[in-house]
Amino acid sequence: MLSTQDTAIIPHEWYNVVPDLPRQLPPPVDRDEKNSSIQLLNRILPKTILKQEFTFQRYTKIPEEVQEIYAQIGRPTPLFRANGLEKALDYKGKILVKYEGATITGSHKINTAIPQAFYTRDEGSTGVVTETGAGQWGTATTVAASMAGITSKIFMVKVSFNQKPLRKNIMELYGGEIVPSPSTETEFGRQVLAKAPDHPGTLGIAISEAVEYALEKDLKYMLGSVFNSVLTHQSVIGLESEKQLEILGEEPDVMIGCVGGGSNFGGFVFPLMKKFKEAKIFASTASEVPKFTKGEYKYDYVDTAKILPSIKMYTLGSDFVPEKIYAGGLRYHGAAPSISMLVNSGKIKSSDVTESSVIDALKLFARSQGIVAAPESGHAIATAIEYARANGNSRETILVNVSGHGLLDMSIFQR
Amino acid sequence: MTPLILYFTADYPSTEILKSFLGAVDPDVVKYVEIGIPESNPLYDGPIIKATHSVALKNYTPSHLLEYTSILNGKGIPTYALSYYEKFSKQGISFAEFLKDDGFRGVIVPDLLTDYSEESDRIIPEIEETFNFIPFFNPATPDGLIISVSSMTRSWIYYGLQPSTGIDMPFDLEEVSKRILDLLPGREINFGFGIRTTAQIREVLDLGSSGVAIGSLLVEYLKNRDLEGFRKFQVSVREAPLNAD
Ligand SMILES: Cc1ncc(COP(=O)(O)O)c(C=O)c1O
């Protein structure tokens, strides 16, 4: 029987969009004449990641070991028709869902955590350090590190740390060490706390702390999003979807995903964009973090401490402090350069979604499909619902990437 | 002749020192010279070249350019200007005419494709009417752009192997070389960025590059006014068994 969940659907190669972009991707740049922040990446990233970041190969072979683990962590993830949601909306077209919440850690983040942790181990490092917002990235990192037999340390944005105590438990269960950020463990964290003892934390600050810690302790830093190599690893989402659509005999007219740093969105949309050239593409972001509509397309720092290079992207400023929304994964000030370029060129449309419409969308999705989606993914679902409502009779096929489940984010419904 | 291309920033470290270096350029080793026009914000250059720009700006006068090209043209070495478009677009002059009058054979414009991509289809043919536009590509340049821009030009192509000059990044040399060579069969493609040793020069030539551009590596000789060291470097390249044609 044809199934969209056969392990044969797991791709053997990752896809990098850069050689297929319409314009040249602006390179990362240094702002400081004396200390090169690009050079610094050599100290904190595994060589293989740097190679992938700067070689811009269209296809890169996925190591056998990583392919095997992809099968163990739930790949291929399901792609199904959301009949319940279609009915609830009385939508005449089709709504298809690619569901990354079905991986063992409950989101797409594991897709890149696995290769990064294994490259780190292969190159002889003993541990990894990273930041996490909502906790999904931290969770994926702790599992991947344990599978690779190395240690993991996670700086978790304080507001999420307080909102989601279960996240800490699960990351510890997986063998990680978790600290709320800003913390007293780094110089930068201490500086922030000295100025604002109650600082809620931001992803920009947590990245700065993780990078500083990696440099200090000679550990490898895990890239959660934004970087090109991460989007490349995440291409498994779109590559699987391509085969699954073929099995189902479907072609999307509209593709929708949510954007924090852009990894689930890029991983989902880029491989499909090649084939479905005419499809409309929407990037959902939080109204509280309106990077594409209120941000500027310019060179800006990846992190608040300005340790990492500047990249050209839509940004609200590397010192932007967003409201304490529940979708911690969308609180990042910028977005991947490749996605930013395509938003700038008009190929990708953006859609800002308010927290209350996200909550409504999550409820409707839970009641019609039975899936509790992550608050971040709720943005994509809300955009899809809005599109379906506005185009009720269009009979278009809408494909939504639901990047994670929200079973550990239930506090969003308690207000 | 050894297919070496040398990069110097105009007026670095001083007009006189640079002139003495250009006087020592060996036409048996060097096929082209690139002269960078000093710039207050050389965005896409690495730290070593950036530092030369800030020194050079203090000494720079456009009239020096002709002095440099005269020395090189006297040796029969074609000389190219490297200039950011931003600078000239602000001045509102025809920069191709200006540079041609100063004795340059063509121009390399590192920010054109990244920052002026909408205008490049208009600007490149305009420049090509005056002299040679040398496309500057790197591994992040999309295939489509490599093909369309190359087709608007007649001369050689500059391929930067790394995202920035003078920075050592692990990258897959074979992979990045193969991609451009496959896209542009038959074209003269010279590689640069991040090449430091004679062994690397040979490796790049073996992979099929037509020549090798060296920039950051020369800064140490210039900074120390080490003309003898620069001469020896050229000799070492000449004597290394380079087997490119
Ligand atoms: C479930 C989920 N979706 C989306 C995101 C946003 O990140 P990205 O844009 O890199 O996919 C996050 C980040 O934490 C997340 O946890």
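In the predicted model, strand β1 (residues 4-9) of chain B runs parallel to strand β9 (residues 211-214) of chain B, and three bridges join the two. Within this pairing, B:L4 stands opposite B:V212 of β9(B). Both strands belong to an open sheet of nine parallel strands in chain B, ordered β5-β4-β3-β2-β1-β9-β8-β7-β6. The edges are formed by β5 (132-134) and β6 (136-137) of chain B; each has a single partner strand, so one side of each lacks a neighbour in the sheet. Helix α9 (residues 173-183) of chain B lies across β6, β7 (157-160) and β8 (189-192) of chain B, at about 155° to β8(B).

Seven cavities of 30 Å³ or more were found in a search of the whole structure. The largest cavity holds about 410 Å³ of space. Its lining comprises 32 residues, with A:K109, A:G224, A:S225, A:G261 and A:G329 nearest the centre. Two or more lining residues come from each of β5 (127-132), α6 (136-148), α10 (203-217) and α13 (263-275) of chain A. The lining of the largest cavity consists of 13 nonpolar, 16 polar and three charged residues. Domain 1 (14-62 + 110-228) and domain 2 (74-107 + 235-414) of chain A each contribute at least three residues to this lining.

The lining of the second largest cavity divides into 17 nonpolar, four polar and one charged residue.

Notes:
Residues are numbered from 1 along each chain as its sequence is written. Chains are lettered from A and ligands numbered from 1 in the order in which they are written. This is a predicted model: local features need pLDDT of at least 70, side-chain atom pairs count only at pLDDT 80 or more; totals for chains, interfaces and linings use all residues. Side-chain values use heavy atoms; hydrogens and water are left out. Two strands pair if DSSP finds at least two bridges between them. Helices (H or I, at least four residues) and strands (E, at least two) are DSSP runs, numbered from the N terminus. Contact means heavy atoms within 4.5 Å. Axes are lines fitted to C-alpha atoms, for helices over the stretch in contact, and angles run from 0 to 180 degrees between N-to-C directions. On a 1 Å grid over the protein atoms alone, a cavity is a set of points where a 1.4 Å probe fits but cannot get out, and a pocket is an open set with protein on both sides within 12 Å along at least five of seven lines; lining residues have an atom within 4 Å of a point. Grid points are joined across faces, edges and corners, and a volume is the space filled by probe spheres set on the points. Ala, Val, Leu, Ile, Met, Phe, Trp, Tyr, Cys and Pro count as nonpolar, Asp, Glu, Lys and Arg as charged, and the others, Gly among them, as polar. Domain bounds come from an automatic or database domain assignment.
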